[in-house]
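Colleague: I would like to learn how to read a protein model. Could we go through some features one at a time?

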Amino acid sequence: PQFAGNPPMTWKWIVGPMFLYLCERLVRFWRSQQKVVITKVVTHPFKTIELQMKKKGFKMEVGQYIFVKCPKVSKLEWHPFTLTSAPEEDFFSIHIRIVGDWTEGLFNACGCDKQEFQDAWKLPKIAVDGPFGTASEDVFSYEVVMLVGAGIGVTPFASILKSVWYKYCNNATNLRLKKIYFYWLCRDTHAFEWFADLLQLLESQMQERNNAGFLSYNIYLTGWDESQANHFAVHHDEEKDVITGLKQKTLYGRPNWDNEFKTIASQHPNTRIGVFLCGPEALAKTLSKQSISNSESGPRGVHFIFNKENF
């Protein structure tokens with residue numbers, strides 16, 4: 001028998017996707033070359049810095065992220081960071097925790113290792129690519145949502161809660177979102193400090209508008225046990241939590257997710273509830289299972305819709 005090969009055909013399947021990929025790379029390169037101005041650098045406790053920036057034509061939605069490059073630290077490295085500002089603000093911001101060589105280099109380049117005030121013209125040049133969408137953008141599509149953040153994974157929810165605060169300040173009447181259940185899991189007390197101010201603003205804003213039940217938040221300190229917590233709190237005023245300064249007391253250990261889901265399901269029957277997580281994969285598996293097991297089979301029952309971001 002004689003065998004004859006077919007003419008080459010692979011190029012027909014490759015040329016289209018490769019053309020689209022090159023176009024996407026060119027758009028991203030052009031976007032990353034646009035001028036970015038650092039307007040403010042804020043040093044937060046526990047080696048966390050906040051960069052507030054401006055860029056012409058930059059538009060964002062809640063929960064989105066950007067890629068950041070600092071040529072002074074590395075000419076090739078791009079790192080993703082979640083935006084912590086709200087779309088209503090005239091700048092965009094990111095919070096960066098110093099945990100590696102690149103973040104340490106950015107920390108020093110911004111002059112955060114010095115005690116004296118730094119002039120704006122001494123700040124390093126920054127390239128920004130984005131923003132890019134995430135599942136958290138859909139948070140305003142639900143009437144009831146559960147927001148679960150673990151450690152620095154609270155950053156996308158900072159953007160969401162800020163946006164809610166601005167909407168209430170502007171007397172937003174068409175806001176579909178009616179109830180937020182917010183859970184924050186952290187190992188130690190230092191990570192609470194930069195985020196507690198935002199929760200205090202929201203808490204006071206909701207009380208002024210007689211809508212204190214809009215935001216129900218639960219902060220869990222997973223690195224302490226109950227005996228340590230009791231010893232720490234016995235010498236302090238009981239009206240506000242000694243760690244966060246909020247009226248809602250800090251909880252210790254880890255939440256019982258089965259009880260939490262069942263309680264929320266009983267309070268909101270016949271409702272689609274959005275579950276949004278920014279945290280580790282192990283927690284994502286737990287919440288995904290709980291969302292499935294606590295959703296009813298009928299179309300009119302309660303349904304938990306799970307969305308996640310992993311780090």
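**Salt bridges, cores and a surface patch**

Modeller: E24, R28, R31 and D129 are linked in a network of salt bridges. Keep in mind that this is a predicted model.

Colleague: What is the general idea behind such a pair?

Modeller: Side chains of opposite charge can pair when their charged atoms come close. Here the side chains of E24 and R28 meet in a salt bridge, at 3.6 Å from N to O.

Colleague: How many residues apart are E24 and R28 in helix α1?

Modeller: They are four residues apart in helix α1, so about one helical turn separates them. The general rule is that an α-helix has 3.6 residues a turn, so residues three or four places apart point the same way.

Colleague: Is R28 buried or exposed?

Modeller: R28 is buried, with a relative accessible area of 18%, because the cut-off for buried is under 20%. E24, at 33%, is partly exposed. R28 also meets D129 in a salt bridge, at 2.5 Å from N to O. That pair links distant parts of the chain, with R28 in helix α1 and D129 in strand β6, 101 residues apart. D129 is buried, with a relative accessible area of 4%.

Colleague: How should I read the inside of the model?

Modeller: In soluble globular proteins, nonpolar side chains tend to be buried together. In this model the largest nonpolar core has 26 residues, and V145, L147, I180, F182 and L215 have the most contacts inside it. Helix α3 gives the most to this core, with six residues.

Colleague: Which residues does L215 touch?

Modeller: Leaving aside residues up to four places away in sequence, L215 touches L161, I180, F182, L199 and L202. There is also a second, separate core of 24 residues, which includes C70, I96, C110 and V128.

Colleague: Which residues of helix α2 are buried?

Modeller: They are W102, T103, L106, F107 and A109. These residues cover an arc of only 165 degrees around the axis, so they lie on the same side of α2. The buried residues of α2 pack against strands β2, β3, β4 and β5.

Colleague: Which residues make the nonpolar surface patch?

Modeller: M9, W13, I14, M18, Y21 and L22 make this patch, which covers about 680 Å². One of them, M18, lies in helix α1. M18 is partly exposed, with a relative accessible area of 42%.

Key:
Residues numbered from 1 in each chain as written. Predicted model: local features only at pLDDT ≥ 70, side-chain atom pairs only at ≥ 80, totals over all residues. Heavy atoms only, no water. Patch = residues over 30% accessible without salt bridge, like charges linked within 9 Å, V, L, I, M, F, W, Y side chains within 5 Å. Areas by Shrake-Rupley, 256 points an atom, 1.4 Å probe, with all protein chains shown as cover. Salt bridge = Lys/Arg side-chain N within 4 Å of Asp/Glu carboxyl O. Helix = DSSP H or I, 4+ residues; strand = E, 2+ residues; numbered from the N terminus. Buried < 20%, exposed > 50% of the residue type's maximum accessible area, 1.4 Å probe, protein only. Core = buried A, V, L, I, M, F, W, Y, C linked by side-chain atoms within 4.5 Å. Contact = heavy atoms within 4.5 Å. Arc of directions from axis to C-beta.
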